[in-house]
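Thank you all for coming; I would like to walk you through some side-chain contacts in a structure that may be new to you. Please have a look at it before I go on.

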Amino acid sequence: MDQKNKQRKNERSEDKEVLKEYLNQYYTGRIKRSQLERRLKNIRAEMATPIGGYGYSPVNYGGTNKVGPGTASFVYRMSEIETRIEEQKSRVEKALLKVMDIMDFLEENSTERMVLELRFIDCKSWAAIEKEMHLSRSSLFSYQDKGLDKLLTYKKVRQILREYKKAA
């Protein structure tokens, strides 16, 4: 293989990785949103938990005027996380639209598109896709590879990827 073919193959491989990263942004956004929602749930649970009575003494040994961060900091944290969740929801929605726009370049009923949609839009594991499509994992990887190659033949897709790389 001559140098030009090697270089072209490397560029193609890099382009595929960038395309996979681009398609994966919806999944990544969903994970981040879930993390934030779990964090908020934990803080709410912590606030709702009554102060334990263990070691309680009815005699005051001083320190009644001590003010700690207490509930105010929890409320502030909750507000901050709620804002971040809303921002993340917006990012996730935009990412989904971007991924769906890219998928529209593939034939609607093609196996390649179905594999890519199950992976990057439905966020399914390879094992789940294997079961759903009744295909081996190597076949799924082959269809994914064909789908990515097909997407990279479109100038518009390559342009979107160039803009994505610049922004990153």
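I will speak about aromatic pairs and then about salt bridges.

Please keep in mind that this is a predicted model. The count of aromatic pairs comes to three, and one of them is formed by Phe105 and Tyr154, a tilted pair with 5.1 Å from centre to centre and 45 degrees between the planes. These two residues are 49 apart, with Phe105 in the loop between helix 3 and helix 4 and Tyr154 in the loop between helix 6 and helix 7, and the pair thus links distant parts of the chain. Phe105 is partly exposed at a relative accessible area of 26%, and Tyr154 is partly exposed as well, at 30%.

Another pair is that of Trp126 and Phe141, which is edge-to-face, with 4.8 Å between the centres and 70 degrees between the planes. Here Trp126 counts as buried, at 12% relative accessibility, whereas Phe141 is partly exposed, at 39%.

Turning to the charged side chains, the count is 12 salt bridges. In one of them Lys16 meets Asp149, with the closest N and O atoms 3.1 Å apart; Lys16 lies in helix 1 and Asp149 in helix 6, so this pair ties together parts that are 133 residues apart in sequence. Lys16 is buried, with a relative accessible area of 13%, while Asp149 is partly exposed, at 24%.

Glu82 and Arg44 form a further salt bridge, their closest N and O atoms being 2.5 Å apart, and since Glu82 belongs to helix 3 and Arg44 to helix 2, the pair ties together parts 38 residues apart in sequence.

Definitions and conventions
Residues are numbered from 1 along each chain as its sequence is written. This is a predicted model: local features need pLDDT of at least 70, side-chain atom pairs count only at pLDDT 80 or more; totals for chains, interfaces and linings use all residues. Side-chain values use heavy atoms; hydrogens and water are left out. Rings of Phe, Tyr and Trp (its six-membered ring) pair if their centres lie within 6.5 Å; planes under 30 degrees apart count as stacked, over 60 as edge-to-face and the rest as tilted. Helices (H or I, at least four residues) and strands (E, at least two) are DSSP runs, numbered from the N terminus. Buried means under 20% relative accessible area, exposed over 50%, partly exposed in between (1.4 Å probe, protein chains only). A salt bridge is a side-chain nitrogen of Lys or Arg within 4 Å of a carboxyl oxygen of Asp or Glu.
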